[in-house]
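Trainee: Could you take me through this model? I would like to begin with the strands and then move to the charged pairs.

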Amino acid sequence: ETDGADPWYFQKFIHLYRLNLAKYEQHVFVSKYRYRQLRKLVRFDKHLEFQILRPTPARVNATVPFDDIAGCITTNQIALSLEEPRCRELGGYLRRHAERYAQAATIHESIEPPTPFRIAHMKTIMRPGEEEFMRATAGLIDHGFALTVDYGADADGLLWHHLIRPNYDGIHTMDARTGLHECTHTSHLQCPGLQDLTTSVDFTEVAEAGVEYGWKLKAYTHQWDLERSYYAHTPEVALHMLERVGNTRTNLGVWYLRQEEDPWAFFKVMVQQRGDEGGMWFFPGAMQLPVFRRSLLEPATHPCWDSDMTRPALVDYLMRKVRDKLTDPAENAALAKQAEGVASDPKAALKPFLDEYMALYTTPGAVGHVMMSESDKQRQMHQDVVLALMVADYWRSLMIPDDPTDPHGCLRISTRDEGAARALRVTALNRRLDRIFGQEHFDRVFDELVAAQALDAHGSVFKDSQKRYPTYVCAAHQAIQDYCNMQDLG
C-alpha cells in the first residue's frame, strides 16, 4: 500500500528491491520477524534446523520443493565487528564465566529428544558493560562503598532461564512514545527518555569483576531489605514503608505485593566496599542470597530453605523433585558431590536432573501447568518473606531489654510465652498487616513462625540440618540471629 507514503521514498525502495532480487538470483529477503517465525516452525527437528542454517553450495541455486526446505535460507552478511578493543572487553567476561557456560552447554546438549521449548543452539547474553561499571567506579572511589540496585539475578539463575526458555530475548524494549507523532514519525532518537532498552543485571559478574578492581562484596539481598536496614549499634527498629506512609489507604500493594512475571529476577541490592574505611560494615537482618555458586546443580543456598526463590520457578521445582526422591542422607550427600563434579563427570552428575526434566516434558500439558503453578507459588513466597521479616522486626522491638546494658536481651522473651506471642500479633494487626497481605496469608505465616520458634534467638530452626522449612521461616530466624549476634558484639 502506498497511500500516504513518500513517493520518492517508495520508488527508491522498489528500485533497491529489484536490484537485490537480480543480484541474489531470485532469493527473497525476509524480515527478522518472519525469520524468527520460520525458526520456531522447525525447532522440533534439530537436524532440519541444522540443515536450514548450513546450506550446501549445490542447493543454493536449486529449486527446492516446499516440503523440503533444507538449504533454502542463506545469510549474505552479518554486521558484527569484533575488533581488538571489543575482544579485550569480552575477554574478562568469558574468562570469569567459562566454567558456567561449559556446564550450561552440557545440560543443553544432554536434553534428548528436542522438546518444544528447545532449539539446537544455546542462546545467552554477554554483559561486559558490568565490568566497565566496576572499573569506572574503582577509578572514582579509593575508599568507600558502591550500592547497586536493579532488576537481575546471579549468573546461574540467568543461565537456567536461557536453558528453559531459549526463545526468550532477554532484552526488553519499553516504548512510551505511542500517540506522539513528532516522536514516532521522525527518529528513534527524537524523544530521549520515552524509550528504554534494558536487561537483567548479572550480579555475579558485578561481584566477580568488582573483586578484580578491589571491591569486596558486603551484601547481596532483595530490594525490600533496604526499608529494614538499621545501624548495627542502635536498638531502634527502622520504620518500614508502612510506618512512613502512616496508613493503609495508600497503594502499599505496589511496594509489598508486586506481581512480577519472574519474581526470582526482581530488584536486588548489592553493596561492595573498597579501601580501608568501612571494612567492618555488614547488613544485619538481610537475606544472604547466593551470588557465587559452585555449580548450576548446587542445591538451595541455605540448607534450611525448602525452596530456592533465586532460580526460575520451574528449575526450582525440578531440583526439589530430585532432592525429595533422595531421602537417605547418604544419597543427598552424593547428590551434593555430583553437583560439584559436573565438570569432571557431567553426564553422571546431570542424570537425576535430566530424568526429572524429560519426565515432565514428555507428559502432555504438564510443562505449562507446572510452570504457571510454580510461578504463582514463588510470587506468594516472596510476599510471605516480606511479611515474615516485618513481623521479625516487630518482635525485635519486643526483645529490647529495659536495661540497654543487659547482655541477655535476646533471651528475655520467647514466642512459647502466649502473652509475648499475643503482644506480637496485636502489634502486627495494629499495623494492618492482615489487610495488606490478606487475612488468610497473615494467619498462615504468623502461626508458622510461632510454631517453628523461628523468632526465638535459640530456636530449633537451624539445629536440625536435615529438616527444611518454608523460606520465610528461615529468613525470619536469620534476621533474629543477626540481631542477637550484634548484641553479643556490642
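**Strands, helices and charged pairs**

Mentor: Lys268, Met270, Gln272 and Arg274 point one way from E7, while Val269, Val271 and Gln273 point the other way, and all are buried. Buried means under 20% relative accessible area, exposed over 50%, and partly exposed in between, with a 1.4 Å probe and protein chains only. In a regular strand the side chains alternate between the two faces of the sheet.

Trainee: Before we go on, what kind of model is this?

Mentor: This is a predicted model, in which local features need pLDDT of at least 70 and side-chain atom pairs count only at pLDDT 80 or more, whereas totals for chains, interfaces and linings use all residues. Residues are numbered from 1 along each chain as its sequence is written, and side-chain values use heavy atoms, with hydrogens and water left out.

Trainee: How many helices and strands does the protein chain have?

Mentor: The protein chain has 19 helices and seven strands. Helices (H or I, at least four residues) and strands (E, at least two) are DSSP runs, numbered from the N terminus. Of the 490 residues of the chain, 42% count as buried.

Trainee: Back to E7, then. What is the strand order in its sheet?

Mentor: The order is E1-E7-E6, in an open sheet of three strands with antiparallel pairing. The edge strands are E1 (144-150) and E6, each of which pairs on one side only. From one strand to the next, the twist averages 15 degrees.

Trainee: Let me switch to the loops. Is aspartate 225 buried or exposed?

Mentor: Aspartate 225 counts as buried because its relative accessibility is 0%. Aspartate 225 is found in the loop between strand E6 (216-222) and helix H10 (241-245). Not counting residues up to four places away in sequence, aspartate 225 touches Phe283, Gly285, Ala286, Met287 and Leu389.

Trainee: And where does tryptophan 281 lie?

Mentor: Tryptophan 281 lies in the loop between strand E7 (268-274) and helix H12 (313-325). Tryptophan 281 counts as partly exposed, at 34% relative accessibility. Together with Phe145 and Phe282, Trp281 makes a nonpolar surface patch of about 260 Å².

Trainee: Now the charged pairs. How many salt bridges does the structure hold?

Mentor: The structure holds 24 salt bridges. A salt bridge is a side-chain nitrogen of Lys or Arg within 4 Å of a carboxyl oxygen of Asp or Glu. Arg95, Arg96, Glu131, Glu205 and Glu212 are linked in a network of salt bridges.

Trainee: Which residue forms a salt bridge with aspartate 156?

Mentor: Arginine 100 does, and the closest N and O atoms are 3.5 Å apart. Aspartate 156 lies in helix H7 and arginine 100 in helix H5, so the pair ties together parts that are 56 residues apart in sequence. Aspartate 156 counts as buried at 1% relative accessibility, and arginine 100 counts as buried at 9%.

Trainee: How many residues of helix H7 are buried?

Mentor: In helix H7 (residues 155-164), 10 of the 10 residues are buried.

Trainee: What about the pair of arginine 88 and glutamate 84?

Mentor: Their side chains meet in a salt bridge of 3.1 Å, N to O. Arginine 88 and glutamate 84 both lie in helix H5 (residues 84-110), four residues apart, about one turn of the helix. Both arginine 88 and glutamate 84 are exposed.

Conventions:
Patch = residues over 30% accessible without salt bridge, like charges linked within 9 Å, V, L, I, M, F, W, Y side chains within 5 Å. Areas by Shrake-Rupley, 256 points an atom, 1.4 Å probe, with all protein chains shown as cover. Contact = heavy atoms within 4.5 Å. Pairing = 2+ DSSP bridges. Axes fitted to C-alpha atoms, helices over the stretch in contact; angles between N-to-C directions.
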